[in-house]
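Reader: I've got the model open in my viewer. Can you walk me through the contacts and the burial, with the cut-offs spelled out?

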Amino acid sequence: TNNNCSSGSSALMLARLLVQSGTYQCVLVLGFEKMERGLSERYPDRTSPVQRHVDAMTQMGADPRNIDPTMTRMTSDVIKMFAYAAREHSARYGTTSMQYAKIAQKNRKHGVHNPYACFRRELSLDAIMKRPLCDP
């Protein structure tokens with residue numbers, strides 16, 4: 001199943017449910033994502049897999065316009081989805097901007113060694129904290 005950025009976590013959740021239900025005692029979980037260059041919709045002849053979430057965000061008050069006029073609709077909507085998820089996580093668990101920055105720093109550090117990574121340049125924690133934050 002392609003579940004956009006959450007294929008791996010969806011697979012883990014399904015595996016957990018299968019074990020908890022008693023259907024299986026042991027399961028193997030694999031998750032991967034094959035990304036296109038940039039955020040794009042590979043199959044424009046059908047509804048985007050994120051459209052349901054975008055509609056829900058709009059119904060909850062999200063601005064339906066692009067966050068930046070140079071971005072595609074898909075790029076803008078996906079960034080907003082993650083920003084709203086981060087906002088909800090922060091409200092629920094007290095997650096701070098510094099904690100999000102540390103995640104970004106770790107991801108950038110790993111990306112340096114991955115020729116297929118979207119971001120292959122390491123950034124310091126200070127540089128990440130100085131960057132604009134997408135906060136809907």
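Reader: How far apart are the closest N and O atoms in the salt bridge of Arg65 with Asp63?

Author: A salt bridge here is a side-chain nitrogen of Lys or Arg within 4 Å of a carboxyl oxygen of Asp or Glu. Arg65 counts as exposed at 58% relative accessibility, while Asp63 is partly exposed at 33%. For those words, buried means under 20% relative accessible area, exposed over 50%, and partly exposed in between (1.4 Å probe, protein chains only). The closest N and O atoms of Arg65 and Asp63 are 2.5 Å apart.

Reader: Before we go on, what should I know about the model and its numbering?

Author: It's a predicted model, where local features need pLDDT of at least 70, side-chain atom pairs count only at pLDDT 80 or more, and totals for chains, interfaces and linings use all residues. Side-chain values use heavy atoms, with hydrogens and water left out, and residues are numbered from 1 along each chain as its sequence is written.

Reader: Which residue meets Lys80 in a salt bridge?

Author: Look in helix α3, where the two partners are three residues apart and therefore separated by about one helical turn. The N to O distance is 3.8 Å, and the partner is Asp77.

Reader: Is Asp77 buried or exposed, and which residues does Asp77 touch, not counting those up to four places away in sequence?

Author: Asp77 sits in helix α3. Asp77 has 5% relative accessibility, so it counts as buried. Taking contact as heavy atoms within 4.5 Å, and leaving out residues up to four places away in sequence, Asp77 touches Val54 and Met57.

Reader: Which residues make up the largest nonpolar core?

Author: A nonpolar core is a set of buried Ala, Val, Leu, Ile, Met, Phe, Trp, Tyr and Cys residues joined through side-chain atoms within 4.5 Å. The largest one has six residues: Val50, Val54, Met57, Ala62, Met74 and Val78. Helices α2 (51–59) and α3 (73–93) each supply at least two residues of this core.

Reader: How far apart are the closest N and O atoms of Asp126 and Lys130?

Author: Asp126 and Lys130 are four residues apart in helix α5 (residues 125–130), so about one helical turn separates them. Asp126 is partly exposed at 46%, whereas Lys130 counts as exposed at 64%. Their salt bridge has its closest N and O atoms 3.2 Å apart.

Reader: How many helices and strands does the protein chain have?

Author: Helices (H or I, at least four residues) and strands (E, at least two) are DSSP runs, numbered from the N terminus. From that end, the elements run α-α-α-α-α. The count comes to five helices and zero strands.

Reader: How many disulfides does the structure hold?

Author: A disulfide would be a pair of cysteine sulfur atoms within 2.5 Å. Cys26 counts as exposed at 65% relative accessibility, and Cys118 counts as exposed at 54%. The number of disulfides is zero.

Reader: What share of the protein chain's residues count as buried?

Author: Some of the residues above give examples: Asp77 counts as buried at 5% relative accessibility, while Cys26 counts as exposed at 65%. Over the 136 residues of the protein chain, the buried share is 15%.
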